[in-house]
Each structure stands twice: as structure tokens, then as C-alpha cells.
Amino acid sequence: MFKKILLLIAVLLPMSAFAQKFAVVDIQAVMDAMPEVAAAQTQLEAANQQLKSELDKIQAEVQKLYNEYQTIAEDPNTPQSIKERRMSEINEKATKAEQFREQAQQDLMQQNQQLMAPIQAKMIDAIKAVGQEGGYTAVMPKDDGLFLYMGSDMLDVTIAVKAKLGI
């Protein structure tokens, strides 16, 4: 009896593996087609330009201070203490400019994550819905580099996901 059960399992297990359906989706194509992505990119570009403008102002101040320093640095009548104080001011302003640049990069990355999170969630929900409707065992990213080989029977559901998103 035990041998018959093992034989049944040995026969049915491979058959159940072949009954599974797998699909792929081109995530980048879906993201590129979503209007929300373009709107998010426009918002990020506007924020980037605003931060860049502010950084340019700070850097212009640093350059102005440096140019003024150059004038007094060449003057032998200017006391060394004044030259040192001016150089200290330049270094402080340059440090603030660098800190501002780093904070601006972090702010842009955080804003990008905040803007893209609902978009990615919407896309994932659409992929899940297509997967459930199609009875797929798994829907995997097409261009993820995970596949060394992908057979012709692997379905591409990118169009179905776009349709589910209304694009």
C-alpha cells in the first residue's frame, strides 16, 4: 500500500508542476505608459530646479566672498587676522553649501519615494489582478535578468496589465 502511494505521488508531482502557468510582465513599459509617472517626474523636476536655484545662489555667495578675499589677500596692508577671518567665512559658507546640496539630494530621493510608492502599488495591484484572472502561478518581471532561459510558452501579460490600468 505504501509503495502504491509513493508511486502515485511520483507520478502526480511532475504532472502538477507542468500544470502551472507562468507569465512575465515588462514593468518598465508599464511604468512608462502610466500618466502618473510623468506627473511625478514633472513634480520632481520642478523641486529639483528649485533646489538647484537655491544652491546656485549659495555658491554665488561663496564665489563672491572668495573674490573679495583675493583682493585683500594680495594687499600687504591688510592684517593677517582679517584675512584669516575672511577665509573662515568662506569655509563656513562652502560647508553650508555642501550640507545644503546633500540635504537637497536626500529630500529629492524621499520625495521620489513618496510620489512613486502609490504608483508602484497601483501597478502591483494590476499585476496581481491579471495574475489571478489568468490563473497564473507566478508573474515575474521580464527584464529582471533572472531568466537564463525563457521558453516560448511563457506568456507576456504586459498588455493585459496596461489594460487593467486603463492605459
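Accessible areas here come from the Shrake-Rupley method with a 1.4 Å probe, and for residues only the protein chains shown count as cover. On that basis the accessible surface of the protein comes to about 11,900 Å², of which 57% belongs to carbon and sulfur atoms. This is a predicted model, in which local features need pLDDT of at least 70 and side-chain atom pairs count only at pLDDT 80 or more, whereas totals for chains, interfaces and linings use all residues. Residues are numbered from 1 along each chain as its sequence is written, and side-chain values use heavy atoms, with hydrogens and water left out.

The protein holds five helices and three strands, where helices (H or I, at least four residues) and strands (E, at least two) are DSSP runs numbered from the N terminus. Read from the N terminus on, these elements follow the order α-β-α-α-α-β-β-α. If contact is taken as heavy atoms within 4.5 Å, then among contacts between residues at least 6 apart in sequence, 83% join residues at least 24 apart.

Two of the helices can be checked against an expected span, defined as 1.5 Å times one less than the number of residues. Helix 3, with 39 residues, reaches 56 Å from its first C-alpha to its last, close to the expected 57 Å. For helix 4, the 55 residues should span 81 Å, and the end C-alpha atoms are 79 Å apart, which agrees. After helix 4 comes G135, whose phi is positive, near 70°.

The buried residues of helix 3 include V37, L44, L55, V62 and I72, and what covers the buried residues of this helix includes helix 2 and helix 4. K52, also found in helix 3, counts as partly exposed because its relative accessibility is 44%. Although K52 and A104 are 52 residues apart in sequence, their C-alpha atoms are 8.5 Å apart in space.

The strands form an open sheet of three, in the order 2-1-3 and with parallel pairing. Strand 2 and strand 3 stand at the edges, each with a single partner strand, so one side of each is left without a neighbour in the sheet. Two strands are said to pair if DSSP finds at least two bridges between them; strand 1 and strand 2 (residues 138-141) pair over four bridges, with V24 opposite M140, while strand 1 and strand 3 (residues 155-156) pair over two, A23 having L155 as its bridge partner.

A nonpolar core is a set of buried Ala, Val, Leu, Ile, Met, Phe, Trp, Tyr and Cys residues joined through side-chain atoms within 4.5 Å. The largest such core has 19 residues, and those with the most contacts inside it are V30, M31, M34, I119, V157 and V161. Strand 1 (22-25), helix 2 (27-33), helix 3 (35-73), helix 4 (80-134) and helix 5 (158-165) each supply at least two of its residues, and helix 4 gives the most, with seven. Leaving aside neighbours within four places in sequence, V30 is in contact with V25, M123, T158, V161, K162, L165 and I167.

Conventions:
Buried means under 20% relative accessible area, exposed over 50%, partly exposed in between (1.4 Å probe, protein chains only).
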